[in-house]
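Subject: Handover of a structure

Dear colleague,

I am passing on to you the structure shown below. Please keep it open while you read the notes that come after it.

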Amino acid sequence: MFNKILIANRGEIALRIIRTCKELGIKTVAVYSEADADCLHVTFADEAVCIGPPPGKDSYLKISEIISAAQITGADAIHPGYGFLAENANFSEICAESEIKFIGPSPEMINAMGNKSYAKDTMKKNGVPVIPGSNGIINDVDEGKKISSEIGYPVIVKASAGGGGKGMRIVWKDEEFSNAFQMAKAEAEAAFGNSDLYIEKFFENPRHIEIQIMGDSHGNVYHYGERDCSVQRRHQKLIEEAPSPAIDSEMRKKMGEAAVLGAKSVNYEGAGTIEFLFDKNKNFYFMEMNTRIQVEHPVTEMAYDVDLVRQQILVASGGYIETKSQEPIGHCIEFRINAEDPYMDFRPSPGKIVSLHYPGGFGVRIDSHIYQSYTVPPYYDSLIAKLIVWGKNREHAIARGKRALEEFTVEGIKTTIPFHLKVLEDKRFLSGNFDTSFLDNFELTES
Ligand code: MV4
């Protein structure tokens, strides 16, 4: 087992990782930017090293500084959390060369799954259902048009280096193809320095359902069911839940088995998420795989009684997975509390928190790094807390979510709390019958 883990991240996820390290008796090293000296991950870690100025590229993305911090403090492993360097193949490789265990996948695995077109082809070859589309990347407009007419419009052109919405264009008919293709190509080149594109059948208003998997170095892969992440706005998830109101235990078994098959076929180790698109006819299709712990992992933890960060650390040190696949117990919902003004198009709202009261009680979990008098800096992601509630069933979890959100007080900055309270009054959300278009026409009016 590791002696000391450096956490190459900040905010709630850095704290989340430190907590599990403490429970495992592992010493911790925080790294922090000049803007984060008063952050709780710095306070709660055994040691802390300042790695540079506030902008991410000068600190949390600075590989040389982070490796030096690990070497100076004698850390034998690095946990990257999510975002920043979590899916950076170069970082994973430099850790290996420096004989520091990267708690995440090999550089080869990051590259293989980061190439979305290649990842799809790999899954398809191994018998995982994938979204119908081009085999591999498309070289020019003519090839793209030919394939699109074979698939049938509408189609969606996606960046192979993308994921999460950038470099994506929906094409409704042949006449629009050329323009959309060029736009997607330019956007992909600008965003990723890679203009490779692939094509898929476009499914209107699908549900976004993802399966949590975990693999160890002994060839075991388990799944911990699905999360429904359909409540998203401009590709930013706002509410996630486990189980999905659209998935029964038979479907869970099928999707779980498909995810495990996919992960086993690439000898996947560590925590991973297989994203599926789920359509009106209850078909599911592989979309992409994320090779990190995700923001929304706590809903799985609460519904499946598994500490996913603990499992990550155990398997990274060569151990076996402790918690096997099982059925969920009750229902769990996560509300992302962002420092944003939901009445002003969700614009960022950094600043000083002058008053704070956390909800508590049975079935309430808060993963957060904020405290009263903390100043939310403008440099990073606007997530300031995750409120996770557990209930015996969906209705119970919703009732508990409502009362916890009502107790939750943050003064001095705007947050997404009023938005969540409004969603909990929405008939479609309450019915469980919603999809990724749910927030398109969602009105938040001052009451
Ligand atoms: C799709 C899709 C429909 N059909 N792919 C969104 C983020 C990225 N992970 C993939 N996304 C989608 N992929 C196929 N074949 C619908 C989405 C999608 C979406 C697309 C355009 C505008 C808004 C969207 C919101 C959620 C999902």
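The notes below go through the structure topic by topic.

The model is a predicted one, in which local features need pLDDT of at least 70 and side-chain atom pairs count only at pLDDT 80 or more, whereas totals for chains, interfaces and linings use all residues. Residues are numbered from 1 along each chain as its sequence is written, and side-chain values use heavy atoms, with hydrogens and water left out.

Domains

The protein is divided into domain 1 (4-91), domain 2 (132-201) and domain 3 (207-441); these bounds come from an automatic or database domain assignment. The centres of domain 2 and domain 3, taken over C-alpha atoms, are 29 Å apart. Six residues from domain 2 and four residues from domain 3 take part in the contact, where contact means heavy atoms within 4.5 Å.

Nonpolar cores

A nonpolar core is a set of buried Ala, Val, Leu, Ile, Met, Phe, Trp, Tyr and Cys residues joined through side-chain atoms within 4.5 Å. Buried means under 20% relative accessible area, exposed means over 50%, and partly exposed lies in between (1.4 Å probe, protein chains only). The largest nonpolar core has 61 residues, and those with the most contacts inside it are Leu6, Ile78, Phe91, Phe335, Leu387, Phe408 and Phe429. Helix H3 (residues 63-73) gives this core its largest share, five residues. Helices (H or I, at least four residues) and strands (E, at least two) are DSSP runs, numbered from the N terminus. Domain 1 (4-91) and domain 3 (207-441) each supply at least three residues to this core. Another core, of 34 residues, lies apart from it and includes Ile5, Ile26, Val309 and Ile321.

Which residues does Phe335 touch, not counting those up to four places away in sequence? They are Leu238, Ile239, Ala385, Lys386, Leu387, Val389, Gly401, Leu405, His420 and Leu424.

A buried glutamate

Glu240 lies in strand E11. Is Glu240 buried or exposed? Glu240 counts as buried because its relative accessibility is 0%. The side chain of Glu240 makes a polar contact with the side chain of Arg336, at 2.6 Å. A polar contact is a pair of N or O atoms within 3.5 Å; within protein, one must be able to donate a hydrogen and the other to accept it, and residues adjacent in sequence count only if both atoms are side-chain atoms. Leaving aside residues up to four places away in sequence, Glu240 touches Asp228, Cys229, Glu296, Val299, Cys332, Ile333, Glu334 and Arg336.

Helix H10 and what comes after it

Helix H10 (residues 297-304) is mostly covered, with seven of its eight residues buried. These buried residues are His297, Pro298, Val299, Thr300, Glu301, Ala303 and Tyr304. Just after H10, Asp305 takes a positive phi of about 50 degrees.

Backbone exceptions

Most residues other than glycine have a negative phi, and most peptide bonds are trans. Arg234 is not a glycine, yet its phi is positive, near 50 degrees. Arg234 is found in the loop between strand E10 (221-233) and E11, and is exposed, with a relative accessible area of 60%. Phe346 also is not a glycine and has a positive phi, of about 60 degrees. Phe346 is found in the loop between strand E15 (340-341) and strand E16 (347-348), and is buried, with a relative accessible area of 13%.

Strand E8 (residues 197-201) is mostly covered, as four of its five residues are buried. E6 and E8 run antiparallel and are joined by five bridges; two strands pair if DSSP finds at least two bridges between them. Ile199 in E8 is the bridge partner of Val157.

Of the 18 residues around the ligand, Lys158, Glu200, Lys201, Phe202 and Phe203 come nearest; a residue is near a molecule or strand if one of its heavy atoms lies within 4 Å of it. A polar side-chain atom of Lys158 lies 2.9 Å from a nitrogen atom of the ligand. For Glu200, a polar side-chain atom lies 2.9 Å from a nitrogen atom of the ligand. In Lys201, a backbone N or O atom lies 2.7 Å from a nitrogen atom of the ligand.

Yours sincerely
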